[in-house]
Amino acid sequence: MNIAVGVDDVHEGELVNTSEAGPAPKRIVVSYGFWIFLLSDIVMFSALFAGYAALARATAGGPTGSQLFNQQTVAMETAFLLLSSYSCGLMSLAINSRGYFGTFLGAGVTFLLGAAFLSLELREFATMIAIGATPQRSAFLSAFFTLVGCHGLHVAVGLSWLVLMMIQLAMRGFSPVVERRLHCFSLFWHALDIIWVLIFTVVYLMGVVP
Amino acid sequence: MTETRWDVAPGDRPGISVSEQGTFSGFFVYTIGLLLAVILTITSFWVANTSVLWTPGVPAGLVVLAIAQMGVHLVFFLHITTGPDNTNNILALAFGVLIVLLVLGGSIVIMANLNENMAAHTEPMNLQMQH
Amino acid sequence: MNLLGKLSWSAIPVHQPIIMGTVACIGVIILAALAWVTAKGSWLYLWREWLTSVDHKRIGVMYLVLAMLMLVRGFADGIMMRTQQAVAAGGAQGYLPPEHFDQIFSAHGTIMIFFVAMPLVIGLMNFAVPMQLGVRDVAFPTMNSISLWLTASGVLLTNVSLAIGEFAKTGWVAYPPLSELQFSPGVGVDYYLWSLQIAGIGTLLSGVNFVTTILKLRAPGMGYMRMPVFCWTALATNLLIVAAFPVLTALFAMLLLDRYLGFHFFTVNAGGNAMMYVNLFWIWGHPEVYILALPAFGIFSEVSATFSGKPLFGYRSMVGATMAICVLSYTVWLHHFFTMGASASVNAFFGITSMLIAVPTGVKIFNWLFTMYGGRVRFTVPVLWTVGFMVTFVFGGLTGVLLALPAVDWQVHNSVFLVAHFHHVIIPSVLFGCMAGYNYWFPKAFGFKLDERWGAASFWCWFIGFHLAFMPLYVVGLMGMTRRLQHYDVLSWQPWLLAAEAGAVVILAGIVCQIVQLVVSIRAREQLRDTTGDPWNGRTLEWSTASPPPAWNFAMLPHVGEIDAFWAKKQRVHARQERSVQRREYEPIEVPKNSPTGFVTAFFAVLTGFALIWHIWWMAGVGLLGAAVTLLCFMFRVEDEVEIPAEQVALFDQSHPVEISL
């Protein structure tokens with residue numbers, strides 16, 4: 001990087017104000033860009049949440065949330081996703097200390113827990129569809145399937161991304177590009193768990209409160 | 001070249017260089033975060049199912065617990081702090097939260113208002129001015 | 001199982017001569033362009049230097065080319081509507097049947113907002129912001145290319161709807177239940193939705209790119225309060241893009257799910273709520289108009305300061321007003337549906353916020369006026385557009401304050417009074433601003449200025465034509481004329497609509513003048529050559545480079561000590577306090593590598609969109625797979641940068657001497 005520092009107005013030993021220090025290092029730039037993208041994703045979820053909130057009572061004579069939601073399933077899904085966030089955090093520690101075994105182990109546990117979450121969710125959807133509670137049945141069900149399904153789709157994309165990152169790690173080792181991408185993945189994965197907190201609270205728990 | 005103190009990247013722990021972030025202290029941070037999140041989750045499920053609490057207060061309680069748990073995630077998993085090197089990250093987050101509140105809050109208020117005014121009435125509509 | 005879904009030969013509108021004539025014209029133009037490129041043997045050059053370029057300057061130019069082309073199409077739609085309304089009075093039916101007229105007004109709005117105004121502002125931001133910040137490129141150059149080509153994909157899909165199938169007949173906002181499958185069973189709404197979803201992804205990525213660039217990539221010494229005001233408005237704009245476009249994505253996804261999978265978000269039965277569409281649409285829609293206006297305001301700031309020879313008046317209040325507009329724009333959206341049935345208190349709240357948002361804009365107007373006051377104003381073409389904006393936009397904004405009163409709005413909602421209002425604000429701000437920016441930065445991009453006389457002629461035609469075209473609409477709107485009428489019975493409206501038609505013809509003359517300006521300037525480019533890199537005696541960093549700049553913008557990143565650092569340096573040099581050009585040691589520079597990722601992804605996006613519109617499921621799968629593979633190739637690429645050797649940097653500097661550099 002070519003930075004020319006003027007000699008006249010900066011004193012030796014004085015810390016340069018960050019906002020005047022020039023272009024930031026790539027790790028910061030990439031992470032911040034991904035952070036902004038995540039915020040845009042959260043805004044998108046909020047629009048879906050708004051739709052759900054507006055339609056939560058529009059059951060059109062069909063099944064309601066309290067009739068459909070199984071709290072045990074939701075509790076298990078929550079546990080799986082939360083633990084996968086934890087294992088992702090441990091994976092980040094391994095990445096920072098460039099430990100291959102720790103990274104692959106953390107990634108594997110994260111993947112398994114995430115896949116377990118998804119399979120539970122898919123089974124839940126399948127059960128609902130089998131009894132006629134399809135998204136085409138009512139506006140409430142359309143909103144439910146879209147909101148929860150969109151989150152599940154993000155989880156699926158995340159799992160695929162994790163697999164690709166592990167392949168890339170095996171091929172390229174801990175190069176700066178790989179480290180930055182793995183860091184972005186961990187931001188993504190934690191954000192997904194944050195959204196799930198809102199989903200299980202607003203959709204499931206409030207859905208079963210009479 | 002004089003020393004430059006950069007902002008911290010979102011998700012990195014402030015004050016420690018990246019290579020030093022793989023130590024035991026990091027492990028404790030994540031573990032404490034997990035424990036707090038578990039406690040908050042169990043509490044949420046309990047609040048939703050118990051008959052001990054005043055019913056109209058349950059949704060508010062659930063929201064508070066959810067916000068608390070999101071905060072736990074932000075602080076312990078994403079290492080968001082209030083330090084000066086985290087300012088950009090916090091500002092971005094605050095902007096996002098503001099937009100989410102406007103979208104959600106605005107939509108809920110507006111849709112409730114519209115639904116109330118525009119819902120189909122079975123009895124003859126009261127055409128007199130509403131005060 | 002039909003291999004081509006709903007697609008068949010009957011999709012081509014052979015029985016509609018106007019459309020077929022248009023398609024034939026467009027086809028001839030495209031073929032002529034392809035033939036010309038082939039004759040010059042430039043395909044490899046085009047591919048290497050432009051289509052796969054990740055250079056922000058080239059991407060900016062391509063956005064502008066896209067926008068100008070679509071301006072012609074969008075304007076054609078507009079003048080067709082004016083002509084129809086000028087003649088279809090009393091019992092006359094005009095020349096456009098309702099089915100066609102409905103598509104025209106829908107396409108006009110969609111194209112003008114999404115494919116003219118957005119590419120104009122994004123293109124100008126692309127071109128200028130990195131140079132004004134004193135850096136070499138945006139934060140994510142390849143993603144920048146993807147954004148451009150996804151926007152182009154949206155453009156292509158919308159234009160394909162002319163030749164194959166139809167466009168939406170719902171208006172550019174596509175309210176349900178009209179836009180639901182039950183009442184719009186054709187492919188028109190699907191063309192609309194998929195074009196905009198694809199282009200919307202591109203725009204969102206641009207937003208992320210520019211927020212990161214402005215906040216994290218600036219020249220050393222350029223703290224926040226030393227950034228040019230155009231960069232502040234770019235920041236506010238891109239924050240709004242990041243905050244608003246995801247809502248549109250979610251909304252269109254919901255409507256698509258209704259149409260494709262039978263969901264019930266907005267349907268009339270099974271609990272759907274069409275009002276929620278309107279609510280979510282305008283949560284996006286209002287920030288959108290500020291996304292369009294803010295960069296234009298930034299351009300006016302730059303132009304007024306440069307051509308007055310004075311610093312911008314009230315820098316801090318300008319920044320404050322910009323960020324205030326950014327936040328406030330997210331608090332007014334209900335004024336687009338005052339009449340939908342909310343109670344008086346809700347309407348009053350949003351009426352008050354809508355009036356409040358005029359305040360920071362007023363602050364900006366005063367700042368521009370005070371910038372010019374006391375300065376030696378040079379009435380170049382950019383300044384003409386700026387002054388034209390000031391005298392026009394104030395009145396347009398005032399009609400907006402009128403409309404902010406729910407009681408007034410109830411009288412004129414959905415009349416042509418409203419149509420007059422929003423053209424009265426968008427055209428002076430966005431169009432005049434981008435024309436000013438186009439004339440202002442053209443020499444930097446291409447190395448020669450645009451012809452002043454034809455530029456002035458185009459301005460006056462636009463200015464006069466605009467007023468002639470839209471002021472009658474206020475009158476006839478107050479007389480009761482609803483918008484989007486294919487014919488009408490009230491004969492007393494016709495004289496006004498004839499005047500409006502005349503105005504549209506004058507605007508056409510303005511557009512012709514702009515085309516002539518470009519042709520004349522290219523032919524006279526040696527006389528108009530910019531040899532110093534600083535044709536306007538500018539204030540900001542982009543004028544310290546050669547015209548056109550090298551790919552790497554600056555051989556050494558400038559160190560910035562104050563606002564308008566380039567201007568300050570020039571003053572010190574002229575006062576003999578400093579030497580103009582310092583001897584420098586050149587170092588090799590790494591620039592991002594060109595990549596076909598953007599272009600190829602867009603190709604698959606078009607394929608997927610077209611396939612989904614026509615229900616050709618296997619083709620949609622192929623398109624998605626192709627896009628995924630392209631992204632995989634990008635993910636696994638080995639080299640992402642090219643090193644420019646120091647000698648090449650030195651050679652460029654020596655063969656393109658600039659008078660003063662930082």
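This report covers chain contacts, helix packing and backbone details in a predicted model.

**Chain C against chain A**

The contact between these chains draws 44 residues from chain C and 43 residues from chain A. On the chain C side, three helices each supply at least two residues: α6 (188–216), α7 (229–261) and α8 (274–308). The biggest giver is α7(C), with nine residues. By class, the side of chain C that touches chain A holds 30 nonpolar, 11 polar and three charged residues.

**Chain C against chain B**

Here 17 residues of chain C meet 12 residues of chain B. Both α7 and α8 of chain C supply at least two residues each to the side that touches chain B. This time α8(C) gives the most, with five residues. The classes on this side of chain C are 13 nonpolar and four polar, with no charged residues.

Chain B itself has three helices and zero strands. Its elements run α-α-α from the N terminus on. Of its 131 residues, 30% are buried. Among contacts in chain B with a separation of 6 or more, 59% join residues 24 or more positions apart.

**Helix pairs in chain C**

| Helix pair | Axis distance | Angle | Residue classes in the contact |
|---|---|---|---|
| α6(C) and α7(C) | within 8 Å | roughly 150 degrees | 20 nonpolar, seven polar, two charged |
| α12(C) and α14(C) | 8 Å | about 160 degrees | 13 nonpolar, 12 polar, no charged |
| α7(C) and α9(C) | 9 Å | about 10 degrees | 11 nonpolar, two polar, no charged |

Take α6(C) and α7(C). Their axes cross at roughly 150 degrees. An angle over 145 degrees counts as roughly antiparallel, so α6(C) is roughly antiparallel to α7(C). The crossing of α6(C) and α7(C) is left-handed.

Next come α12 (residues 381–403) and α14 (residues 416–446) of chain C, at about 160 degrees. That angle makes α12(C) roughly antiparallel to α14(C). Their crossing is left-handed.

The pair of α7(C) and α9 (residues 315–328) of chain C packs at about 10 degrees. Angles under 35 degrees count as roughly parallel, and α7(C) and α9(C) are therefore roughly parallel to each other. From α7(C), the contact uses C:Val229, C:Trp232, C:Thr233, C:Ala236, C:Leu239 and C:Leu240. From α9(C) come C:Tyr315, C:Met318, C:Val319, C:Thr322, C:Met323, C:Ile325 and C:Cys326.

**One residue in α1 of chain C**

C:Ile19 sits in helix α1 (residues 17–40) of chain C. With 17 other C-beta atoms within 10 Å, C:Ile19 is partly exposed. Leaving out residues up to four places away in sequence, C:Ile19 touches C:Pro13 and C:Leu162. C:Phe140 is 121 residues from C:Ile19 in sequence, and the C-alpha atoms of the two are 40 Å apart in space.

**A helix in chain A**

Helix α5 of chain A spans residues 139–172, which is 34 residues. From first C-alpha to last, α5(A) reaches 48 Å, close to the 50 Å expected at 1.5 Å a residue. After α5(A) comes A:Gly173, with a positive phi near 70 degrees.

**Cis peptide bonds**

The bond from C:Pro176 to C:Pro177 is cis, with omega near 0 degrees. C:Pro177 lies in the loop between α5 (141–163) and α6 of chain C.

A cis bond also runs from C:Ser547 to C:Pro548, with omega near -10 degrees. C:Pro548 belongs to the loop between α16 (494–523) and α17 (565–574) of chain C.

A:Arg98 is not a glycine, yet its phi is positive, near 55 degrees. A:Arg98 is placed in the loop between α3 (71–96) and α4 (100–130) of chain A. With 13 C-beta neighbours inside 10 Å, A:Arg98 counts as partly exposed.

C:Arg484 has a positive phi of about 65 degrees, again without being a glycine. The loop between α15 (452–478) and α16 of chain C holds C:Arg484. C:Arg484 is partly exposed, with 16 other C-beta atoms within 10 Å.

Definitions and conventions
Residues are numbered from 1 along each chain as its sequence is written. Chains are lettered from A and ligands numbered from 1 in the order in which they are written. This is a predicted model: local features need pLDDT of at least 70, side-chain atom pairs count only at pLDDT 80 or more; totals for chains, interfaces and linings use all residues. Two residues are in contact if their C-beta atoms, placed from the backbone, lie within 7 Å. Helices (H or I, at least four residues) and strands (E, at least two) are DSSP runs, numbered from the N terminus. Ala, Val, Leu, Ile, Met, Phe, Trp, Tyr, Cys and Pro count as nonpolar, Asp, Glu, Lys and Arg as charged, and the others, Gly among them, as polar. Axes are lines fitted to C-alpha atoms, for helices over the stretch in contact, and angles run from 0 to 180 degrees between N-to-C directions. Angles under 35 degrees count as roughly parallel, over 145 as roughly antiparallel, 65 to 115 as roughly perpendicular and the rest as oblique. A crossing is left-handed if the near helix is turned anticlockwise from the far one by less than a right angle, and right-handed if clockwise. A residue is buried if 20 or more other C-beta atoms lie within 10 Å of its own, exposed if 12 or fewer, and partly exposed in between; C-beta atoms are placed from the backbone. The expected span of a helix is 1.5 Å times one less than its number of residues.
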